[in-house]
Amino acid sequence: MTVRQVKEFFDALKLISSEKGVKLDILIDKLKSAIILAVKKQYFGVDKINVVIDIDKNEFKISFFKMVVENVKNFANEILLDDALKISKKAKLGEMLEVVVDSKQIGRLAAGAAKQQIMQGIRDIERENVANLMGGRVG
């Protein structure tokens with residue numbers, strides 16, 4: 001995503017938050033969940049995924065971690081030393097390697113999953129808000 005697209009994306013989240021009366025933190029949590037699911041699909045079930053979203057700076061970082069090994073037994077969570085060294089010159093056997101994901105690589109998959117997660121979250125919150133408003137009323 002370009003810097004402009006990222007800014008527009010965060011602006012849209014803020015607008016949805018204010019229009020729907022949904023806390024921005026809740027939308028961000030839904031977005032993180034969607035990104036994690038997209039990364040798991042894209043990278044064959046990798047487990048240790050880190051998503052950092054800074055709405056004030058219009059930035060996000062997606063990464064996952066793999067153990068550097070001599071022989072890969074679990075492709076999703078392990079990486080050969082030779083491959084790890086292509087990512088980081090400091091990679092060492094037995095250590096975790098952080099692999100930063102380019103947002104373009106997740107792209108549409110994350111966007112689609114995020115849209116579903118966020119829309120479902122909004123519907124749930126709207127239902128909860130209506131229930132809270134009606135809670136004390138009878139017939």
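These are my notebook entries on a few features I looked up in this structure, which is a predicted model.

**Entry 1: helix α1**

I began with helix α1, which covers residues 3-20 and so holds 18 residues. From its first C-alpha to its last it reaches 26 Å, close to the 26 Å expected at 1.5 Å a residue. Which residues of α1 are buried? I found Val6, Phe10, Leu13 and Ser17. Looking down the axis of α1, I saw that these buried residues fall within an arc of 50°, so they line one face of the helix. On the other side of α1 I noted Arg4, Ser18 and Glu19, which are exposed. Just after the helix comes Gly21, and I wrote down its positive phi of about 70°.

**Entry 2: a salt bridge within α1**

I then searched the whole structure for salt bridges, and the search gave 4. One of them joins the side chains of Asp11 and Lys7, with 2.8 Å from N to O. Asp11 and Lys7 are 4 residues apart in helix α1, which means that about one helical turn separates them. Asp11 counts as partly exposed because its relative accessible area is 33%, which lies between the cut-offs of 20% and 50%. Lys7 is likewise partly exposed, at 41% relative accessibility.

**Entry 3**

Another salt bridge is made by the side chains of Asp83 and Lys86, at 3.7 Å from N to O. Both residues lie in helix α3 (residues 81-87), where they are 3 residues apart, about one turn of the helix.

I recorded Asp124 as partly exposed, at 31% relative accessibility, and Arg127 as exposed, at 52%.

**Entry 4: aromatic pairs**

How many aromatic pairs does the structure hold? I counted 4. One of them is formed by Phe10 and Phe60, an edge-to-face pair with 6.3 Å centre to centre and 65° between the planes. Since Phe10 lies in helix α1 and Phe60 in strand β2 (residues 59-69), the pair ties together parts that are 50 residues apart in sequence. Phe10 is buried, with a relative accessible area of 1%, while Phe60 counts as partly exposed at 24% relative accessibility.

I next turned to Tyr43 and Phe64, which form a tilted aromatic pair with 4.8 Å centre to centre and 45° between the planes. This pair links distant parts of the chain, 21 residues apart, with Tyr43 in the loop between α2 (24-42) and β1 (49-54) and Phe64 in strand β2. Both Tyr43 and Phe64 are buried. Returning to Phe10 and Phe60, I noted that they form one aromatic cluster together with Phe9.

**Entry 5: a nonpolar patch on the surface**

My last entry concerns the surface, where Phe44, Val72, Phe75 and Leu80 form a nonpolar patch. Together these residues have about 400 Å² of accessible area. I followed up Leu80, which lies in strand β3 (residues 78-80) and counts as partly exposed at 34% relative accessibility.

How values were computed: Residues numbered from 1 in each chain as written. Predicted model: local features only at pLDDT ≥ 70, side-chain atom pairs only at ≥ 80, totals over all residues. Heavy atoms only, no water. Helix = DSSP H or I, 4+ residues; strand = E, 2+ residues; numbered from the N terminus. Expected span 1.5 Å × (residues − 1). Buried < 20%, exposed > 50% of the residue type's maximum accessible area, 1.4 Å probe, protein only. Arc of directions from axis to C-beta. Patch = residues over 30% accessible without salt bridge, like charges linked within 9 Å, V, L, I, M, F, W, Y side chains within 5 Å. Areas by Shrake-Rupley, 256 points an atom, 1.4 Å probe, with all protein chains shown as cover. Phe/Tyr/Trp six-rings, centres within 6.5 Å; stacked < 30°, edge-to-face > 60°.
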